[in-house]
Structures are given as C-alpha cells and as structure tokens.
Amino acid sequence: MLEISEIFNAAAVLKGVARKTDIIPAPKLRPGTEIFLKAENLQLTGSFKLRGAYYKISQLTDEEKAKGVIACSAGNHAQGVALGATHNGIKALICLPAGAPISKVEATRGYGAEVCLVPGVYDDAYARAMELQKEHGYCFVHPFDDPKVIAGQGTIGLEILEQMPDVEAVIVPIGGGGLISGVAFAIKTLRPDIKVYGVQSSGAPSMAASLKEGKLCHLNDVSTIADGIAVKEPGINTFDMCNKYVDEVVTVTDDEIAAAILALIEQQKIIAEGAGAVAVAAAMFGKLPIDGKKTVCLVSGGNIDVNTLNRVITRGLSKSGRNYTFIIDLPDKPGQLSGVCNVVGEHGGNIMAVTHERINSSSAINGCTIRLELETRDKAHIDTIRKALSEAGYKVIN
C-alpha cells in the first residue's frame with residue numbers, strides 16, 4: 001500500500017537530484033482550452049523515469065546494493081536506473097528491447113550501466129531480466145509496478161499542485177501505469193476535485209483494455225511510434241490504482257501523436273518523444289472533456305531518435321494538412337503540366353516534387369497521370385486547391 005507520506009519522502013530524497021521542471025503555457029495547442037505543459041522532457045536524463053528509479057535505488061538496503069541492480073526498459077527507465085546506480089556506487093545491468101532507439105541505448109551506457117539487448121519488445125526484455133535476476137541474485141528495479149517507483153513518479157503530482165494550485169485537469173501518458181498511478185494518487189489524495197486522465201497509444205492499449213474488462217488484459221502484439229509506452233500488460237498495482245484514482249483513459253493514433261510532436265516543435269520549441277506527446281495529442285484532438293478547463297499535459301520524455309523524428313515530422317505534416325499529394329489525370333499533350341502548376345501557384349501551393357506517369361491502367365490510352373507533392377497551409381488550403389483544379393477542368397483523382 002502506498003501512503004502520501006512516501007511521496008513526500010521521495011520529494012525530499014530527490015531534491016537536488018531531479019529537476020523541478022517548469023509548467024509552460026501552450027495556448028495555441030487547442031483554442032478554447034487553457035493548456036499547460038509539465039516539461040518532464042527537460043528532466044535530467046530527458047524523462048520523468050529518473051524520479052522513480054532513483055528513489056527506489058536510494059531505499060535499498062546495504063545488502064541489496066551490494067548485489068547490484070537489474071532492470072528492463074524501453075529506454076527511459078534504463079537511463080534513470082543507470083544514473084541512480086552510478087550515483088550510489090552500484091553495478092547496474094539493463095535489459096532493453098533490441099529495437100530501442102540507439103540514442104537511448106547509448107545514453108544508458110553513458111550513465112554507467114551494462115546493457116543487454118533482447119529481441120522483441122519491452123515484455124521480452126522483462127522476461128530476460130527476470131531470468132538474469134534469478135541467475136545472479138540482482139535486485140530488480142521494476143519500471144512501473146513497484147510502490148517505491150510509483151512514489152518517485154508521484155512527486156510530479158506534488159509539483160503540479162504547488163506550481164498551479166488552480167489546475168482543473170491533468171492528462172498523463174500510460175504505458176505500464178507507474179507514472180499515472182503516482183501522479184493520480186498524489187493529486188486525488190490532496191485534491192480529489194481535480195480530474196486525472198490517462199492516454200495510451202491505440203497500438204498498445206493494455207491499460208485501457210484492462211479497465212474496460214475489469215481485469216488485467218495481455219495484448220498479443222503492440223505497434224506504435226510511442227515506444228516508451230509499448231507495454232503488453234499493465235502492472236497489478238498500477239491497474240488497481242488506475243481503477244481507483246484515474247477518471248478516464250483514452251487512446252490516440254500514431255498520426256495524432258506525430259501531429260502533436262510537430263505542434264510541440266513548431267509552437268513550443270519543445271522536443272517530445274512519442275510517449276511524451278500522447279497527452280498533448282489527446283488534448284489537441286478533443287479526446288477528453290477539457291474545454292474551458294485549466295489543464296496540464298504531462299510531456300513525459302524527449303528522448304526521440306533523430307531518424308525517427310524525421311519520419312514523425314513527415315507524418316505530422318501530413319496529418320495537419322501541411323503536406324499533400326494530388327493525383328491528377330491529364331491528356332498527354334504539351335502544356336498540361338504547366339497549366340496545373342499555374343493553378344497551384346495562383347492559390348499559394350508550393351510544389352515540392354512532380355512525378356509523371358504515362359503507363360497507368362486507370363488512365364486513357366492517350367492520357368497520363370501526374371503526382372504533385374505540395375506544401376500547404378492546412379486542410380482548408382488543400383480543399384481550396386482541389387476545387388480550383390476541378391474548376392479549371394482537371395480530373396483530380398486524389
């Protein structure tokens with residue numbers, strides 16, 4: 001059982017170790033709603049995970065510390081455990097999914113831990129960590145289903161209440177549930193009037209499914225750009241706490257997550273990883289009843305691989321109507337492409353690429369197809385260009 005005194009104790013231990021991250025206004029993310037960002041992506045190690053991992057390690061007995069620690073992680077918990085172990089002079093072995101972003105793997109090594117890459121996802125890394133724990137007697141530092149870890153994450157809830165006493169709603173990412181369990185417990189214990197909402201990726205909705213079914217659910221597969229919350233099954237403790245303290249859990253798609261990452265970059269100059277952006281995605285796309293409410297979205301981490309960021313930005317541009325590809329059927333004769341380009345230019349579209357195809361089963365024998373990749377302002381702008389092309393007599397397929 002977790003007591004509020006444990007979270008206050010964790011806050012005392014973490015003072016001088018974990019940063020007290022800022023709450024940043026973000027008025028443009030969703031007009032009509034007062035949105036603020038709790039910027040845990042700016043935390044030391046780039047994620048909130050430092051809080052729970054460090055506090056857990058700090059509470060180990062001398063005998064447990066002598067054995068060393070082992071952990072499994074999608075990447076962020078790994079860095080927190082590595083840093084906490086190094087600060088306490090303890091050996092750390094971390095099992096990570098083989099597909100974890102290279103930046104997270106190298107950062108974990110950089111903080112002083114030994115890394116074991118395991119084929120598969122988080123749950124496979126967890127299984128391997130448990131095998132090694134039994135073989136060598138390490139102390140296991142669970143990434144979410146441990147009261148000490150949950151208490152460490154709960155210090156974020158205390159900070160939100162201190163920094164913004166008039167907050168009305170808090171939106172928190174969910175993977176295994178450790179973060180939202182701590183935050184929700186702290187907030188609901190001290191201020192039960194505040195709404196606490198959880199968000200998962202639609203490609204890994206283990207907690208959402210479990211709460212809906214009223215029992216722990218194990219997903220056979222998970223697939224999402226939010227690798228930090230790609231968990232097949234929530235914890236026993238975290239499921240119980242979410243069931244008791246969380247008001248609602250919703251899901252967001254990868255496209256919505258990508259759009260949220262892009263919005264954070266453009267509007268807030270903030271870099272968030274997929275898992276770190278799901279709370280913002282839920283707010284942006286109206287998944288929760290927060291209109292008119294003073295709402296804090298927890299940006300839980302910013303450790304995104306640069307190559308992944310490039311792909312995510314491309315998807316985000318498409319989702320927000322900033323990029324679009326028109327497919328147009330034309331007679332194959334001189335001047336047709338020039339005419340199309342003139343219409344697009346007159347209506348403010350910026351052509352980035354043109355593909356011309358003569359051999360296409362859907363075109364007339366004396367026809368051709370062109371693909372125009374455009375830079376546009378928004379979805380309304382796309383509709384304007386489509387209408388102008390149609391009115392000019394061009395057959396727009398897409």
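Student: Which residues touch the most other members of the largest nonpolar core?

Tutor: Val167, Val170, Val172 and Val183 do, in a core of 37 residues. This is a predicted model, in which local features need pLDDT of at least 70, side-chain atom pairs count only at pLDDT 80 or more, and totals for chains, interfaces and linings use all residues. Residues are numbered from 1 along each chain as its sequence is written, and side-chain values use heavy atoms, with hydrogens and water left out.

Student: What makes a set of residues a nonpolar core?

Tutor: The members are buried Ala, Val, Leu, Ile, Met, Phe, Trp, Tyr and Cys residues joined through side-chain atoms within 4.5 Å. Another core, of 36 residues, lies apart from the largest one and has Val250, Ile261, Cys297 and Val312 among its members.

Student: Why is Cys217 called buried?

Tutor: Buried means under 20% relative accessible area, exposed over 50%, and partly exposed in between (1.4 Å probe, protein chains only). Cys217 has a relative accessible area of 14%, so Cys217 is buried. Cys368, with 2%, is therefore buried too.

Student: How many disulfides are there?

Tutor: A disulfide is a pair of cysteine sulfur atoms within 2.5 Å, and by this rule the count is 0. Cys217 is in no disulfide, because the nearest cysteine sulfur, that of Cys242, is 13 Å away.
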